[in-house]
Structure formats: C-alpha cells, structure tokens
Amino acid sequence: MSGFTPGEDRWRSRLGTLRQVVRQELVTRQLAHHLPDAEPGDVLDLGCGQGTQVLALARRGHRVTGLDASPALLGDLRAALETEPPEVREHVRLVEGDVREAARLLAPSRFGVVLCHGVLMYFADPGPVLDAVAGVTAPGGLVSLLVRNGDALAMRPGLKGDWAAAADAFDGTAYRNRIGVDARADRLADLTASLAERGLARIAWYGVRVFTDTAADDAPVPGPERLDALLACEERAGRTDPYRGVAALLHVIARRTG
C-alpha cells in the first residue's frame, strides 16, 4: 500500500476547497487539449480517488475505468455516480486494487489514455508504478501524470519563511505534505528520462497551482466571477515560462511509442 493511507481522511475532508478545485479544474482543462471530444475512447484512471477526472471524462463520452486501493474513496465515487444520468454511469467501471498490479488486475485490457494523478509522490520507489502505467497503455496511447514538482520544492517553505525546510528542499526530493504524510517529489528531467526508458515520450508539460499553492487548507472557493479570473491566470501561468517551472505540481503528458 502507498504512503497515502494515513492522510486519506484529511484529504477527503478538504475536497471542495480552493486548492483542490484549482488542481482538478486546471488538470481537466490541460488534459482536454489532448483529448478531442470527437474521439471518445478507453481511459484508465490509476489512483482515481473520489473520481473527479473519471466523471469529467465519462460525461464527455469516454469509457472510463477507475482503479483505486481505497474502499472509502471508491465509495464516494459510487455515490457520486448515482447522481449521474444513465449514459454517464454506463461508461464507468470501478476496480479496487493496488495501482502497481494494474496489468494483472485489468488483463488483457490496454487503454488509449492512462491517467495517474497525485499517486507517484506516495511511493518511495516510483519505478513499479511507472512500469504499471507503461504496461497498460496501448501503442500510441496517451499518458497523463500529475506529480509534485521537485524543481520547485523550496518554494512553499520559502514563501512561508521556513528557511531550514527550504534549504533542505533545494537538493532533496522528500517533503511532508499538507495532509501530514511524508512524500516525494519528481524533477522534470528525471521523470522524462524514466518515462523514456519505458517507451513513453514526453510531448507536453504544464504547471499546476502557481499562485494558489500557499492558500489556507480550508480556503473556500470564491464566487464565479473571481474564480474564473483566478483560473484564467493559473491556466496561463501553467503553460508559460518561467511561471510553470515554479508550480507546486507538474502535469506531464507523454505518448506510448512502438
């Protein structure tokens, strides 16, 4: 099991707050650039959690399989599915299990799109997860990874004035996250190389939460007009240098070769 489990209840309690809404909305928008509505396909969400992306993609007509090790989070997703129309529910399949066992659990299926968002940081060794991602991606398929940005790991403690943590973060990849779990960050160059070793060629990358990462854990979502303005700035920063390089999270898009 991953290191996420001790922080799961705290994670669930913060769904719907500003930081989580910004994260999910930006990832949805960034992913949409690579998934035309005219071409619905088979999507796998590894570590799907409460299913924000599962629901968003199923509503667009994609056939989505969500795999997660947490019965509670899958329960939340099943409850959310009950409120969706039949044409959305029938496009979703849920599987309980370890993401590292995806190839075995889902055999012989291969998917045209594989998501793995907010998962790698909870594994001390990301290799088996990346192996699983590559193993279930069809040739020519798309991979979407959301990871903690190791190249900007000193930003959050530095902006908070925690100089000891900032100094350690310049050269390290370990950190304590905001749900109280020891986690690990990925540097873009290293992750790109690890993907290439597995036949996954990076084709795009974005930053997520450039401006809002230091918001309070319980910061509420503002009204529609202010939220739209905030998201427009975050979305632009997330695709623009130098801003995207200091984002809290990296959204990496890769293509399966061979």
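The lining of the largest pocket is made up of six nonpolar, three polar and seven charged residues. Here Ala, Val, Leu, Ile, Met, Phe, Trp, Tyr, Cys and Pro count as nonpolar, Asp, Glu, Lys and Arg as charged, and the others, Gly among them, as polar. The model is predicted, so local features need pLDDT of at least 70 and side-chain atom pairs count only at pLDDT 80 or more, while totals for chains, interfaces and linings use all residues. Residues are numbered from 1 along each chain as its sequence is written, and side-chain values use heavy atoms, with hydrogens and water left out.

**Pockets**

- The largest pocket holds about 320 Å³ of space. A pocket is an open set of points on a 1 Å grid over the protein atoms alone, with protein on both sides within 12 Å along at least five of seven lines, and its lining residues have an atom within 4 Å of a point. Grid points are joined across faces, edges and corners, and a volume is the space filled by probe spheres set on the points.
- The largest pocket is lined by 16 residues, and Leu 153, Pro 157, Ala 165, Tyr 175 and Arg 176 are the closest to its centre.
- At least two lining residues of the largest pocket come from each of helix H8 (155-159), helix H9 (163-171) and strand S6 (174-176). Helices (H or I, at least four residues) and strands (E, at least two) are DSSP runs, numbered from the N terminus.
- For the second largest pocket the volume is about 200 Å³. Its lining has 17 residues, with Leu 35, Gly 112, Val 113, Leu 142 and Arg 255 nearest the centre.
- S1, S4 and S5 are the elements that give two or more residues to the lining of the second largest pocket. The largest share, five residues, is that of S5.
- By class, the lining of the second largest pocket has eight nonpolar, six polar and three charged residues.

**Cavity**

- Rolling a probe the size of a water molecule over the atoms shows where empty space is left.
- The whole structure has one cavity of 30 Å³ or more. A cavity is a set of grid points where a 1.4 Å probe fits but cannot get out.
- The volume of the largest cavity is about 670 Å³. Among its 44 lining residues, Phe 4, Trp 11, Arg 23, Gly 118 and Tyr 122 lie nearest its centre.
- H1, helix H2 (18-32), H3, S2 and S5 each give two or more residues to the lining of the largest cavity. H2 gives the largest share, four residues.
- The lining of the largest cavity divides into 16 nonpolar, 15 polar and 13 charged residues.

**Nonpolar cores**

- The largest nonpolar core has 30 residues, and those with the most contacts inside it are Leu 44, Leu 46, Leu 67, Val 114, Leu 145, Leu 191 and Leu 195. Such a core is a set of buried Ala, Val, Leu, Ile, Met, Phe, Trp, Tyr and Cys residues joined through side-chain atoms within 4.5 Å. Buried means under 20% relative accessible area, exposed over 50%, and partly exposed in between (1.4 Å probe, protein chains only).
- H7 supplies the largest share of this core, five residues.
- Beyond its neighbours within four places in sequence, Val 114 has contacts (heavy atoms within 4.5 Å) with residues including Leu 44, Leu 46, Val 133 and Leu 142.
- Another core, of 26 residues, lies apart from the largest one and includes Ala 183, Ala 185, Val 208 and Leu 249.

**Helix H4**

- Leu 73, Leu 74, Leu 77 and Leu 81 are the buried residues of H4. They are on the same side of H4 because they cover an arc of only 100 degrees around the axis, the arc being that of the directions from the helix axis to the C-beta atoms.
- These buried residues of H4 pack against helix H1 (8-13), helix H3 (52-59), strand S2 (63-68), helix H5 (86-89) and strand S3 (92-96).
- Ala 79 is in helix H4 (residues 71-81) and counts as partly exposed because its relative accessibility is 46%.

**Backbone details**

- The peptide bond that joins Ala 107 and Pro 108 is cis, with omega about 5 degrees, and Pro 108 is in the loop between H6 and S4.
- Asp 241 and Pro 242 are also joined by a cis peptide bond, with omega near 5 degrees.
- Arg 209, a residue other than glycine, has a positive phi, near 65 degrees. Arg 209 is in the loop between S8 and H11 and counts as buried, at 5% relative accessibility.
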